[in-house]
Amino acid sequence: MKSFKLLFYILPFCFFACNLSSKKNTDQSNGNIDTELEKQSKIDSSSIEITVERGAFHYDKFVLKDTLITFYPPKKSIGIGIDNSNYNQISKKIISVQTRNNFVKKILNDDFFKLKNFYASNTTCNSHLTVTVKFNNQLKKVVSEDFDRECPQLLKYIEKEIIRMHSKELKRFLLPG
């Protein structure tokens with residue numbers, strides 16, 4: 001009878017311990033992603049460099065290095081009939097560390113380093129988009145012949161986001177053709 005009472009008192013503790021262990025295993029499987037993000041949140045800022053190069057009527061470049069986004073205009077002035085003073089001078093914008101880290105985390109979580117190096121287009125009227133990411137000891141350059149067609153969504157996101165963060169409203173020109 002004593003052993004039955006002892007079992008009666010120990011049994012709830014066993015269920016509690018098993019439940020806690022099971023919860024830890026579930027948390028660990030979900031926590032692997034969180035742990036990786038925590039590692040990535042301790043980003044070595046000297047190792048980050050993201051370059052976005054646009055083709056066609058732009059031939060410009062944005063470079064994010066640490067928390068500084070620099071816009072480099074094309075070598076020649078773009079003459080497309082609009083006020084393009086924003087497009088023809090180098091400009092710089094500092095962003096917050098948190099903004100930069102969120103941007104880099106998104107790029108890493110969406111597997112930028114697993115993308116192909118080149119995306120071809122079957123059209124003749126193309127505007128290339130090239131994104132180069134340097135992070136820690138990794139360097140990858142992804143080229144899309146056409147930013148609009150056959151271009152990975154992640155490249156489009158990187159282009160739009162870096163332009164938005166630069167906050168100069170430097171949009172793509174879409175011409176018929």
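In which loop does Ser46 lie? Ser46 is found in the loop between helix 1 (2–41) and strand 1 (49–54). Helices here are DSSP runs of H or I with at least four residues, strands are runs of E with at least two, and both are numbered from the N terminus.

Before I continue, a word on the source. This is a predicted model, in which local features need pLDDT of at least 70 and side-chain atom pairs count only at pLDDT 80 or more, while totals for chains, interfaces and linings use all residues. Residues are numbered from 1 along each chain as its sequence is written, and side-chain values use heavy atoms, with hydrogens and water left out.

Is Ser46 buried or exposed? Ser46 counts as exposed because its relative accessibility is 51%; the cut-offs are under 20% relative accessible area for buried, over 50% for exposed, and partly exposed in between, with a 1.4 Å probe and protein chains only. Between Ser46 and Lys134 there are 10.0 Å from C-alpha to C-alpha, at a separation of 88 residues in sequence.

Let me place this in the whole. The protein has 3 helices and 7 strands, and from the N terminus on their order is α-β-β-β-β-α-β-β-β-α. Of its 177 residues, 37% are buried. Among contacts (heavy atoms within 4.5 Å) with a separation of 6 or more, 61% are between residues 24 or more positions apart.

I turn next to the nonpolar core. The term denotes a set of buried Ala, Val, Leu, Ile, Met, Phe, Trp, Tyr and Cys residues joined through side-chain atoms within 4.5 Å. The largest such core has 28 residues, and those touching the most other members are Ile50, Phe103, Phe112, Val131, Leu155, Ile158 and Ile162. Two or more residues each come from strand 1, strand 2 (61–65), strand 3 (68–72), helix 2 (97–109), strand 6 and helix 3 (153–166). Helix 3 provides the largest share, 6 residues. Beyond its neighbours within four places in sequence, Ile162 contacts Ile50, Val52, Phe62, Leu64, Ile69 and Phe103.

How do the axes of helix 2 and helix 3 cross? They come within 11 Å and cross at roughly 170°. Axes are lines fitted to C-alpha atoms, for helices over the stretch in contact, and angles run from 0 to 180 degrees between N-to-C directions. The two helices are therefore roughly antiparallel, a term for angles over 145 degrees. Helix 2 contributes Thr99, Phe103, Lys106 and Ile107 to the contact, and helix 3 contributes Leu154, Tyr157, Ile158, Glu161, Ile162 and Met165.

Finally, consider the surroundings of Glu150. Tyr119, in strand 5, is 31 residues from Glu150 in sequence, yet their C-alpha atoms are 6.6 Å apart. Tyr119 counts as buried because its relative accessible area is 14%. A polar atom of the Tyr119 side chain lies 3.0 Å from the backbone nitrogen of Lys116.

The side chains of Ser121 and Glu150 are joined by a polar contact of 3.4 Å. Such a contact is a pair of N or O atoms within 3.5 Å; within protein, one must be able to donate a hydrogen and the other to accept it, and residues adjacent in sequence count only if both atoms are side-chain atoms.

Note on methods: Angles under 35 degrees count as roughly parallel, over 145 as roughly antiparallel, 65 to 115 as roughly perpendicular and the rest as oblique.
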